[in-house]
Amino acid sequence: MRGLEIAGAWLLGILWVAPLLYAVWTAFHPAAYATHFSLFAPLTLHNFVQAWNAAPFARYFLNTTLLVSLVLVAQFVLCTPAAFAFARLEFPGRDTLFAIVLLQLMVMPDVLLVGNYHILSQLGLVDTILGIALPYLGSAFGIFLLRQTFRTVPQELDDAARLEGCTLLARLWRVYVPLARPTYIAYGLVSVSYHWNNFLWPLVITNSVSTRPLTVGLAVFSSVEQGIDWSIITAATLMTSAPLLLAFLLFQRQFVQSFMRAGIR
Amino acid sequence: MIRRRSLLAATAAAAASLAAPAIVRAQTVKELSFYYPIAVGGPIPKIIDGYCEEFQAQSGIKVTPVYAGDYTSTMVKAVTALKGGTGPQFAVLLAAEMHSLQAQDILVSLDEIGLDANAKQWLAGFYPAFMANSHADGKTWSVPFQRSTAVQYYNKQSFEEAGLDPEKYPTTWAGLAAAAEKLTKHDATGRVTRWGLKLASDLGNAQWTFGALANQAGVVLMNEAGTETYFKDPKSVEALAYWHDLAFKNKVSPEGISNWGQLSPDFFTGNAAIIQHTTGNLTNVRTNAKFPFGVAGLPGLNGPRTVVGGGNIYFFKSASEAERTAALKFARFLSEPERAADWSIKVGYIATSEAAYNTPTLRKYIAEFPEANVARTFLPVAVGELSTYENQRIYKALTDQIQACLNGAKSPEAALAETQAEAQRILRPYRRG
Amino acid sequence: MQRETWIRRETWQGWLLVLPALVLLVAFTHWPALMTLVDSFFTTSRAGHPAAFVGWDNYADLADDPVFWKVLANNAIYAVATIPVSVVLALLMALAVNHALPGRGLLRMAYFTPTMLPMIAVANIWLFFFTPDYGLFDVVLSFFGGGRHNWLGDAATSLPAVIAVAVWKEAGFFMIFYLAALQTLPPDLEEAAALEGASRFTFFRRVMLPLLMPTTLFVLVNAVINAFRVVDHIVVMTNGGPDNATTLLLFYIYQTGFRFWDSAAAATQTVVLLGLLIVLAAVQFGIFGRRVHYR
């Protein structure tokens, strides 16, 4: 019984990585081998070189990095005080405001493409990195997550800090934020991977090479008029996913643990 | 209005350094940007960059080309950007989009930019077939650039294998179907290992394939004003029936839809013996086909007929007068015979003027590689691409129905009757004038 | 007296702390949602024709549009297929790698890796696999004596094909949440159950599943949202075709809004999507909410 379970788990595992392994195989071999598998096919980096040279991927990497950092920092800075207020302060209107915030868990900016495009064009922020980021900065998910964590912080610690004469912000900074570190890591991971991978909104709001993130760049690169070259497209595909993938592989254990400790469940 | 918006954009950018606007409009024209479709993996972005650098050296104006994906993506990007108050000063878009672009009220005509006698003479130098999609309301709205006709690439090796004469390409529908039957190969289990013929039927391309077929049957799909379509015409139905039968009766084409981008790899791997594609793919095919191949004009019900395609350069209203003039100058620069010849050689598109074919470079190339001349010789039997108001919508309506038909879900009659009804509905506001 | 000013201070402090995030949130979620609702009662403004109030006309047009109903049906099938399959797979994966087994770290990685890839990249890779005749699937199938198939070009298989891609991409993500929840369950619980003679399945059904309920709710909410929010693979793999067989609601909105520039129709479609999301949220919290307590 147990052996069967292990076999099943592994079968599923193989099924799950097989596509990726095949993609890696394709990317590292000459185009002629993309469609017929041969153990003795020569290895090559040619596809990566060609993909890198065919489109401004360096610029796309820079854009994505800027975008992801901007979103992450702004989300932390904006969501932390809001979460704290919802978790520990009593003020009239609090529950109503919290309900308004929670609504965004279900109705995300992603589905409001047309409305948000209109707003951003009125703000003159079409085709800017700030424009890609703006709709996501006030994040209900972040506020909710941090609020849940802040509520588990022992009240005594807060009281002690208050007796020492700490101001509200100092208490937040010295007591709450350090204790919520796993939550920040977990939320950061979700946020970074979300915005690294986000596509439809950046596709709509960006026009030029200087703002296009990797995902849009990759899509533009792969939408062809002349014909697909699978090896090169696969190489480009792996290239754009590589940094995130590597980061995850390196810090896998920490990520999973911070998820557990953050109590996202 | 648009100027004020870009000013606002600039202010916002100053406030947040991350918000650098992509296109900053200068008072004097030092920089232009344009969107263009085409190609990947190949050298095309490099060629375009090269032309821009050459132009800058000549005129001092920096032109930034923005590769925006295939024709549909480029069109979507350009119009969306212009409506949003940003965007390029000009763009290479499908020649057939003229009516749609005009209806969006974003174009400026060449007449408005300013055409002197010299410029008029320049325009007269283009092949008339390529100017067909440029005239409306007595004005000229675009300049031909990457123009093509549909051609068929065929694998000569497969022809020989199948006992066909590789130098004699069929010129009639019946001939093509018969040849494709011989070319279709099966393995022991009956599984097809090589298709006789593949045509593109995905969104953005199906209407081109169908435009050629309709012309082959003897009907043009729309009126010149772009307000009427003739999908229900018996000849249109005959055209779709032929396409349908290639898959369901002759069984020389796969059922379901085939993607434009997939046709070239299909051809290169020997999965398809004949593909119908653009002449703009010629250099790519020449580089990647590891077997002797031929280029042939399309056949027809009774004789060869084809469709023109490809992109023209459009100029946008939102640009300043100086920018418009500079953009037109760039368009002229691109169409100079030597450059048009170079572009044709490097990519495969048909050079846009007779003068280009009189250059020694192109003459020499054609002498060495006669396939490069095939598409041009079919210009006299070519018709314009399907071009109406609300072009994207009409393309979508037609493509949906073609796909339903090629999936065996609808008969050609039913599919085209529905297309026509939908097209009537979409075009109704434009018929009232 | 002092207590009163203290409350007042907490009031303005609270509002001040909440305000920056709230303003942004409202400006790019609630405000556009409201504007969308308003726009859905007007015509699209075109050159020379400003937007005019038309009441429910846009909704009537939408109801008359057969493609819209097809799209709704597609999205329903897509959701009904992806959500349970990916959630159940996620739970199975989490149960598998929760206990010690050979190569657990590798296995975890195998399950989770697709999640880290952009959907657009995933779609590119799978597009290649689905290539008829010589793509991975047809090659593998022919190895087992199967025939060729035009996976994405056949209206019958294209929707299942994009569903498969979504499940592959998402299951690993949900697994992490289950895994995190499983690891916080007290280990002596299982021992106690075993002592009382409960079978593993009974233990799973009667003890574990209820304890995992909050996670299930969380995962379910995310799965439902994703079923309506993620259409990147549609853009790359099928463009909604053949004959709208894979057009999902958000892709339809994107197409109407940014390919046809019909903002009134797009707004009307968006309102339907918003309505759907809100109803689904209400249903989920109605069914599960009572069994879950968020403190």
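Biologist: Where does Trp261(C) lie in chain C?
Modeller: Bear in mind that this is a predicted model. Trp261(C) sits in the loop between H12 and helix H13 (263-288) of chain C.

Biologist: What is its phi?
Modeller: Phi of Trp261(C) is positive, about 50°, although the residue is not a glycine.

Biologist: Is Trp261(C) buried or exposed?
Modeller: Trp261(C) is buried, because 22 other C-beta atoms lie within 10 Å, and the cut-off for that class is 20 or more.

Biologist: Staying with chain C, which residues does the cis peptide bond join?
Modeller: The cis bond joins Gly241(C) and Pro242(C), with omega about -10°. Pro242(C) belongs to the loop between helix H11 (232-237) and helix H12 (249-258) of chain C.

Biologist: Now chain B. What is phi of Glu390(B)?
Modeller: Phi of Glu390(B) is near 50°, a positive value in a residue other than glycine. Glu390(B) is found in the loop between strand E12 (382-383) and helix H19 (391-406) of chain B.

Biologist: Why does Glu390(B) count as buried?
Modeller: Glu390(B) counts as buried because it has 21 C-beta neighbours inside 10 Å.

Biologist: On to the interface: how many residues of chain C are in contact with chain A?
Modeller: In chain C, 75 residues are in contact with 76 residues of chain A. Helix H1 (residues 2-39) of chain C supplies the largest share of the chain C side, 19 residues.

Biologist: How does that side divide into nonpolar, polar and charged?
Modeller: The side of chain C that touches chain A has 57 nonpolar, 14 polar and four charged residues.

Notes:
Residues are numbered from 1 along each chain as its sequence is written. Chains are lettered from A and ligands numbered from 1 in the order in which they are written. This is a predicted model: local features need pLDDT of at least 70, side-chain atom pairs count only at pLDDT 80 or more; totals for chains, interfaces and linings use all residues. Two residues are in contact if their C-beta atoms, placed from the backbone, lie within 7 Å. Helices (H or I, at least four residues) and strands (E, at least two) are DSSP runs, numbered from the N terminus. Ala, Val, Leu, Ile, Met, Phe, Trp, Tyr, Cys and Pro count as nonpolar, Asp, Glu, Lys and Arg as charged, and the others, Gly among them, as polar. A residue is buried if 20 or more other C-beta atoms lie within 10 Å of its own, exposed if 12 or fewer, and partly exposed in between; C-beta atoms are placed from the backbone.
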